[in-house]
Protein chains: 6
Amino acid sequence: MNNTTGAFGGDPMLAPRYMNIPTFMRTPFADDPSDVDIGLIGVPYDNAVTNRPGARHGPREVRNASTMMRTIHHVTRVNPYSLCRVGDLGDVPLPHLFDDQAVVDDIENFYRKVAAAGVTPLTIGGDHSITYPILKALGTKQPLGLVHIDAHTDTWDQFLNTKFSHGAPFRRAVEAGVLDPKRTIQIGIRGAQNADEGWHYAQEMGMRVVFIEELTERGCAEILEETRQIIGDRPAYVTFDIDSLDPAFAPGTGTPEFGGLTPIQAQALVRGLDGLDLVGGDVVEVSPPFDHANITALAGATMAYELLCILASARSSKAE
Amino acid sequence: MNNTTGAFGGDPMLAPRYMNIPTFMRTPFADDPSDVDIGLIGVPYDNAVTNRPGARHGPREVRNASTMMRTIHHVTRVNPYSLCRVGDLGDVPLPHLFDDQAVVDDIENFYRKVAAAGVTPLTIGGDHSITYPILKALGTKQPLGLVHIDAHTDTWDQFLNTKFSHGAPFRRAVEAGVLDPKRTIQIGIRGAQNADEGWHYAQEMGMRVVFIEELTERGCAEILEETRQIIGDRPAYVTFDIDSLDPAFAPGTGTPEFGGLTPIQAQALVRGLDGLDLVGGDVVEVSPPFDHANITALAGATMAYELLCILASARSSKAE
Amino acid sequence: MNNTTGAFGGDPMLAPRYMNIPTFMRTPFADDPSDVDIGLIGVPYDNAVTNRPGARHGPREVRNASTMMRTIHHVTRVNPYSLCRVGDLGDVPLPHLFDDQAVVDDIENFYRKVAAAGVTPLTIGGDHSITYPILKALGTKQPLGLVHIDAHTDTWDQFLNTKFSHGAPFRRAVEAGVLDPKRTIQIGIRGAQNADEGWHYAQEMGMRVVFIEELTERGCAEILEETRQIIGDRPAYVTFDIDSLDPAFAPGTGTPEFGGLTPIQAQALVRGLDGLDLVGGDVVEVSPPFDHANITALAGATMAYELLCILASARSSKAE
Amino acid sequence: MNNTTGAFGGDPMLAPRYMNIPTFMRTPFADDPSDVDIGLIGVPYDNAVTNRPGARHGPREVRNASTMMRTIHHVTRVNPYSLCRVGDLGDVPLPHLFDDQAVVDDIENFYRKVAAAGVTPLTIGGDHSITYPILKALGTKQPLGLVHIDAHTDTWDQFLNTKFSHGAPFRRAVEAGVLDPKRTIQIGIRGAQNADEGWHYAQEMGMRVVFIEELTERGCAEILEETRQIIGDRPAYVTFDIDSLDPAFAPGTGTPEFGGLTPIQAQALVRGLDGLDLVGGDVVEVSPPFDHANITALAGATMAYELLCILASARSSKAE
Amino acid sequence: MNNTTGAFGGDPMLAPRYMNIPTFMRTPFADDPSDVDIGLIGVPYDNAVTNRPGARHGPREVRNASTMMRTIHHVTRVNPYSLCRVGDLGDVPLPHLFDDQAVVDDIENFYRKVAAAGVTPLTIGGDHSITYPILKALGTKQPLGLVHIDAHTDTWDQFLNTKFSHGAPFRRAVEAGVLDPKRTIQIGIRGAQNADEGWHYAQEMGMRVVFIEELTERGCAEILEETRQIIGDRPAYVTFDIDSLDPAFAPGTGTPEFGGLTPIQAQALVRGLDGLDLVGGDVVEVSPPFDHANITALAGATMAYELLCILASARSSKAE
Amino acid sequence: MNNTTGAFGGDPMLAPRYMNIPTFMRTPFADDPSDVDIGLIGVPYDNAVTNRPGARHGPREVRNASTMMRTIHHVTRVNPYSLCRVGDLGDVPLPHLFDDQAVVDDIENFYRKVAAAGVTPLTIGGDHSITYPILKALGTKQPLGLVHIDAHTDTWDQFLNTKFSHGAPFRRAVEAGVLDPKRTIQIGIRGAQNADEGWHYAQEMGMRVVFIEELTERGCAEILEETRQIIGDRPAYVTFDIDSLDPAFAPGTGTPEFGGLTPIQAQALVRGLDGLDLVGGDVVEVSPPFDHANITALAGATMAYELLCILASARSSKAE
């Protein structure tokens with residue numbers, strides 16, 4: 001939001017980064033999804049966490065930090081804004097906040113409209129439970145492939161009697177037939193568990209689980225090669241949990257796990273997805289109350305920018 | 001900014017406070033000043049500080065904290081939004097950021113347009129230097145009276161060869177003929193000085209300087225009685241420097257002075273201005289990098305809400 | 001928890017404050033409620049908040065800060081530990097965390113057992129929603145009187161379709177017949193509202209609402225005199241919301257309101273309840289993720305100690 | 001420390017506050033005590049604390065914050081620098097850091113030299129144990145009177161077998177014959193105790209103990225009147241423990257006690273000592289690791305400036 | 001500590017991580033060492049530091065963070081709790097806190113009892129000086145080997161006249177005949193020194209010193225191979241100083257050194273010790289006052305969990 | 001600054017690190033440049049930043065953190081203090097703070113005097129704009145080579161009408177003929193740009209730009225080999241922007257860019273410059289208001305120590 005028309009050459013991107021009302025990436029606010037090709041969307045919800053809360057504040061602080069993002073990627077020299085119309089679609093309204101089934105439905109319905117408008121959604125959470133209804137909306141026609149970068153497999157069944165905790169979205173998505181476990185790869189997994197149920201489910205269903213030790217050993221390039229083989233040329237979604245990063249790089253999160261990805265690995269993993277048929281993506285679990293100097297929000301904003309570039313590339317290459 | 005039409009009864013004020021893109025007080029963003037009666041405006045500028053910087057980040061963080069504000073005042077039961085159309089006019093564009101004279105001109109020109117549209121401006125700084133160009137724009141027809149709540153008189157002449165430091169705006173405004181020093185009262189002044197120049201200028205020009213000790217001794221009610229006599233029934237402006245508060249209540253500021261106002265005193269002082277012919281107001285010197293848990297931004301937002309109520313009251317009573 | 005038998009004269013209270021595993025006030029952990037007269041209980045629950053979360057971490061950090069508490073009160077010279085057996089009963093188990101009605105039931109059942117054992121409960125929250133089930137357990141025989149120190153009346157009806165938000169407990173308690181609104185006084189209320197529903201309900205039901213301005217004007221002694229008249233000599237409960245304090249004294253809370261109580265007022269208000277027939281009390285809404293240097297947790301621990309002293313006094317005077 | 005000769009009119013006080021190497025109050029570093037009338041001295045020692053450490057970092061951070069101090073007092077218009085030669089004598093060297101008796105001796109010897117040079121010392125701690133050796137050095141000829149502003153009486157006997165804890169200095173000083181308990185007043189005392197030994201000792205020896213409740217009730221003016229009667233016209237020392245302030249105003253300290261002095265009270269208490277025969281003073285217990293935005297260090301620096309003004313006034317009036 | 005029997009399947013490990021009173025790893029508190037095979041022990045002592053204090057608060061905050069630990073290791077799939085009885089033995093009582101020789105004796109005596117009960121101790125400090133008395137207790141029968149991961153060799157002789165500083169424990173242990181320098185390897189050493197005494201002592205005595213540059217160059221696997229050769233099959237102890245990590249991963253420590261280990265290296269180094277005859281271990285120098293978002297405490301807790309796994313493995317393999 | 005003569009063997013380096021007034025590296029303050037071979041100089045200026053301010057506080061906090069530095073380098077065993085006379089020359093006085101051209105002139109003139117005295121300057125900023133006037137002073141006789149470690153090329157032309165922003169110094173220096181672009185290498189460059197102008201200028205002028213991805217791919221040794229070839233044996237300057245480090249290692253900076261150097265890479269890059277004919281160096285963009293636990297200041301101090309070692313080595317090898 002800005003009234004800088006005239007100033008800064010009429011381009012809000014050129015205003016100093018601390019000026020104006022922060023939309024995601026300083027893109028225009030869009031009331032109508034059909035005004036954009038890629039829609040940046042916030043889901044300020046964290047009632048599904050099992051430990052520290054705060055991810056409800058994620059969309060706002062990532063918007064704030066995202067004004068530090070710019071246009072031309074320094075490696076690929078891609079400018080996603082020249083490939084696609086990009087706008088901020090605001091936050092998903094959640095008027096049934098205390099009813100977890102209704103929240104799932106509200107999110108799903110919002111994304112059904114976004115998808116119906118032909119928009120590629122790029123979402124900022126919120127806790128990881130939100131990816132389940134997004135997948136439900138995007139995977140209706142056919143189950144999607146999934147590139148899942150995270151410290152946890154998020155394939156638990158129940159947690160204290162709920163099926164919608166942030167530890168369960170990918171199990172729910174498989175059950176709902178919107179996620180193809182055999183076209184799923186989970187990268188960066190680590191940390192002890194009280195039960196091996198989650199690991200087992202992932203592996204039994206045919207998900208490829210790459211623990212952090214394997215990534216360290218084999219390197220990003222090899223894992224990316226395997227990722228491309230697993231995903232193939234059919235539609236896929238990419239979900240980036242900020243707790244995949246080591247806590248030093250992302251202290252502001254609810255379930256930090258020591259010994260995680262470096263930023264350079266995270267960027268390499270996302271950049272390496274270029275060429276896949278990506279239909280959407282998200283960055284989740286940024287919890288600002290545990291952040292300092294906004295470094296986690298900046299990490300989230302930067303990873304969202306990286307996702308934006310590959311989504312723009314995927315979309316524009318399909319359009320050709 | 002929000003797309004909650006339909007949800008929350010169609011009223012963005014009723015969405016949970018952490019949702020949606022934060023405009024000031026969750027009011028609609030207004031491209032055109034003529035859409036509003038009272039315009040909330042940010043001036044993200046702090047190049048004029050003499051000590052710690054950071055007030056450039058003030059408008060954004062006060063917008064953030066202001067989503068915790070609501071509509072009906074608990075004492076007066078006034079709802080300013082039922083009295084006036086209120087909107088967020090965004091930030092003043094500052095394309096000549098490194099030329100302090102040009103910044104003064106850019107701010108002045110912006111407020112001339114706001115004033116020409118008949119809008120009462122309520123501003124969030126930025127450092128205190130920004131009040132000078134605002135007064136220049138609003139005081140053209142006749143010099144304004146001033147209620148000035150602050151730790152410092154801000155009536156220095158020069159600081160390191162600049163005439164536009166945040167320690168000088170009220171001297172500049174008197175010199176420019178837009179501020180009537182005899183209709184000026186400064187409340188909460190304290191702290192040692194290296195030269196008594198600033199105190200002397202204020203007193204020689206006939207400004208009423210109320211040091212914190214006098215306020216403590218006599219109480220807000222008496223000082224307000226005197227304020228009303230000094231201001232009279234002609235137009236006046238009110239400027240609230242967050243450093244008037246004790247640093248415990250407002251750590252996020254550039255020149256904290258131990259031994260300041262309490263929140264209850266600050267609220268009483270602003271509420272007591274009801275009935276004056278107020279043509280505008282501001283809250284300045286919120287410096288988020290020195291804040292914690294956003295308490296200074298919340299103080300700024302709350303004081304802005306208090307100002308909004310008396311500005312709405314002043315404007316609506318004149319309209320009757 | 002400690003193994004200091006032998007050291008420190010065998011008295012864990014005399015160990016340096018940073019040593020040992022922190023139970024509330026360094027009291028012994030008690031598996032069996034019947035081992036104590038006054039039971040300190042944590043309720044780590046914040047799913048009912050309407051804004052910033054984090055109070056789920058309150059019991060742990062208040063336990064931590066409470067090791068700075070000592071035994072003999074400096075004003076009354078009362079040592080509550082010489083009047084009563086005091087112990088830490090641990091946290092209420094909440095195995096149905098995501099079902100708000102079940103949480104209400106689980107808390108209520110826990111306190112029914114505590115009450116059945118003849119124990120006076122002193123609770124640390126958790127958000128304010130937890131007071132409703134506690135009142136349900138304690139007010140079965142007759143509706144209780146209530147001394148309620150808070151920034152908010154917490155008498156809303158619904159919030160986003162839930163009846164159990166932290167803004168509703170005292171309306172629910174009146175409806176359940178466990179709270180006598182005519183023997184209820186709410187002190188420190190302030191802050192704008194989007195609807196006057198909450199204020200109206202309180203006043204229509206006959207609750208005495210003391211806004212902060214009235215407290216400032218009349219002083220604690222007068223308000224306490226009125227409190228004693230309202231409560232009379234029948235059983236009453238006291239609930240202290242940490243957001244009654246100004247945010248400078250208690251930044252770590254979910255819904256801070258500028259312009260609140262000072263610590264000295266808060267202490268005076270609680271100490272002034274001595275002599276009432278108090279059957280329990282709580283300190284709620286300490287949210288550690290927004291705290292700094294643990295000052296909010298220390299405020300919570302100190303107010304809990306003040307409550308402990310008057311509860312011990314009430315209990316021991318009845319025993320005589 | 002600065003090389004600004006020529007710039008800023010040759011006056012380091014006029015450089016921006018963040019420039020140059022911070023000595024106390026931006027005064028010149030003095031190798032030789034005889035170059036000054038009032039010597040500002042750091043004692044970076046905290047091995048005697050009973051709870052949270054960190055006061056060893058106090059002198060450095062108070063020096064840092066003290067560059068925000070200026071020259072002319074806004075109430076008295078006294079400029080201490082025009083009355084006395086003021087300099088920074090550096091930190092007391094403590095080469096036997098781990099031997100508490102030797103530390104006492106080293107500090108005492110340092111202050112004996114300072115006193116022998118005719119210098120009035122103004123000290124920044126360090127924990128409160130350091131006041132004992134200072135009193136030993138200054139009270140040799142006759143026992144001194146004492147104005148002691150603090151949350152605690154610091155009159156314990158032993159703590160875990162040491163006689164030199166920060167809870168004991170004034171008992172040790174009475175025993176050493178350098179402090180006159182009957183000319184001692186302790187103001188701001190509060191907080192529960194595990195034993196009433198400390199309170200008893202103070203009262204039995206004839207010290208006047210003003211608990212915070214009495215101060216609140218009677219006000220600073222009455223207490224100051226009594227203070228002047230107690231101290232009389234013989235030499236006295238003034239010691240200001242930063243934990244006398246409420247934790248909101250001074251979170252950075254080792255033993256915070258809820259419900260303390262306000263800054264305005266603290267300033268009034270020190271300013272009211274003008275006219276006494278003060279031979280030295282100190283500000284202790286600033287613990288930077290628990291501070292935020294340096295507000296505790298600023299509080300310490302401001303109180304040190306207030307002390308400097310009355311010490312300069314006392315010294316110059318005697319010189320007349 | 002918890003009263004969740006019945007809830008969470010009767011298993012406190014399954015309660016949400018923020019619930020209940022935090023013992024180390026959520027294990028049962030054990031009054032009697034003979035109830036456990038591996039005893040988790042806190043030593044809240046930091047009087048021996050040469051720079052920033054605060055490690056006295058380490059055991060409490062590591063207990064707090066350790067509730068985020070779970071049972072089954074994600075690499076080895078070892079569950080240490082199924083191999084051994086593990087409990088929290090509380091903190092070592094230190095009633096002679098201000099007498100460093102007595103502290104050494106008190107710690108040694110405590111561990112002698114632990115050892116006599118056949119318990120393998122896993123300790124959380126506290127500064128590194130505490131490892132000397134632990135080694136004295138464990139190395140009585142024969143000098144132990146040592147795997148020492150740290151930024152510093154801690155082989156100084158004296159520091160300001162004390163022989164018990166946290167820079168000296170391994171020199172003292174060699175002198176006491178409880179540490180075999182030729183079976184000692186120090187990994188991660190770095191940072192300038194004012195004297196090369198410490199490096200020389202280590203090397204002259206035959207300790208193997210692996211500077212961080214050598215580790216970077218050669219990698220963990222090679223260093224581990226050498227470690228196993230140095231230690232051989234006789235008993236050894238492992239000590240992990242949190243400052244071995246780079247300050248970004250462990251800001252909360254007293255003597256941070258830029259350019260340190262990554263978490264992945266630290267984990268690899270500890271995991272690689274599996275198979276050695278380990279008789280105990282510790283994690284030291286976590287200083288919470290300098291931490292943020294508890295990431296250092298989490299690092300400490302995670303490394304303690306890693307140590308727990310190899311100690312359990314060592315103990316159970318010996319039992320077979 | 002210290003008065004420890006006699007104590008600590010008369011060597012201020014041996015005092016505990018938190019004692020005494022912090023000069024850079026605890027070196028003596030030098031009024032007269034001719035007293036030193038290498039002069040440590042602060043430039044507390046940040047008016048030229050384009051985003052977050054605060055680097056004006058850099059020199060003071062780096063001085064503070066630099067007291068943790070010691071003398072003998074652990075890899076090279078070089079003690080720079082035995083090679084050269086090193087002192088703290090204080091801060092550059094900036095009496096025309098609000099006139100950016102005058103600031104450039106004042107800095108240049110200061111360094112001309114330093115250079116005229118034959119001193120090698122090692123500077124702590126301040127924002128990166130300060131390197132331009134330093135190069136002007138040092139590159140008068142012949143254009144210098146440059147080793148530039150940074151996230152940004154800083155080769156923009158104008159920013160909001162100023163030619164002196166912190167994004168422009170190296171373009172200005174080339175234009176002024178004091179920097180040889182063909183003997184310039186920029187290492188660590190990354191982050192999106194709104195225009196490719198800066199990258200293009202660098203490359204068109206013949207500067208060697210090593211993006212972070214190339215550094216990651218090829219490693220420091222190869223890049224250093226190329227650096228030595230580019231610089232050759234003629235005079236060169238080295239400038240280290242703290243934002244070259246990843247934000248986790250250096251959160252306290254104005255324009256953080258995710259995905260940066262590790263400390264070990266940064267140290268390797270600087271150490272690898274040994275043997276070049278280095279005539280000066282700087283560490284810039286440390287912004288303390290965004291730091292935590294002083295880790296960025298410590299990073300800055302450590303990198304300054306590394307630079308000191310190679311400057312001392314360069315200077316002493318030339319002297320031979």
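## Exercises on a predicted model

E:G42 stands opposite E:I124, a residue in strand 3 of chain E. Keep in mind that this is a predicted model.

**Exercise 1.** Find out how many bridges join strand 1 of chain E to strand 3 of chain E, and how the two strands run.

*Solution.* Start with the residue ranges: strand 1 of chain E covers residues 38-43, and strand 3 of chain E covers residues 120-125. Now count the bridges between them: there are six, and the two strands run parallel. As background, strands of a sheet pair through backbone hydrogen bonds, either parallel or antiparallel.

**Exercise 2.** Work out the strand order of the open sheet in chain E, then name its edge strands.

*Solution.* Step across the eight strands of chain E and you read 2-1-3-8-7-4-5-6, with parallel pairing. Next, look for strands that pair on one side only: these edge strands are strand 2 (86-91) and strand 6 (208-211) of chain E.

**Exercise 3.** Describe helix 10 of chain A and the way helix 1 of chain A packs against it.

*Solution.* First, the span: helix 10 of chain A (residues 295-319) has 25 residues and reaches 36 Å from its first C-alpha to its last, close to the 36 Å expected at 1.5 Å a residue. Third, the packing: helix 1 (residues 58-66) and helix 10 of chain A meet at an angle of about 75°, their axes 8 Å apart. Helix 1 of chain A is therefore roughly perpendicular to helix 10 of chain A. Residues making this contact include A:E61 and A:V62 of helix 1 and A:A297 and A:L298 of helix 10 of chain A.

**Exercise 4.** What rotation superposes chain C on chain E?

*Solution.* A rotation of 180° with 0.0 Å of shift along its axis does it, at an RMSD of 0.0 Å. The two copies are thus related as by a two-fold rotation axis. Both copies use the same surface, since 100% of the contact residues of chain C recur in chain E.

Conventions. Residues are numbered from 1 along each chain as its sequence is written. Chains are lettered from A and ligands numbered from 1 in the order in which they are written. This is a predicted model: local features need pLDDT of at least 70, side-chain atom pairs count only at pLDDT 80 or more; totals for chains, interfaces and linings use all residues. Copies are superposed by least squares on the C-alpha atoms of residues with pLDDT of at least 70 in both. Two residues are in contact if their C-beta atoms, placed from the backbone, lie within 7 Å. Two strands pair if DSSP finds at least two bridges between them. Helices (H or I, at least four residues) and strands (E, at least two) are DSSP runs, numbered from the N terminus. The expected span of a helix is 1.5 Å times one less than its number of residues. Axes are lines fitted to C-alpha atoms, for helices over the stretch in contact, and angles run from 0 to 180 degrees between N-to-C directions. Angles under 35 degrees count as roughly parallel, over 145 as roughly antiparallel, 65 to 115 as roughly perpendicular and the rest as oblique.
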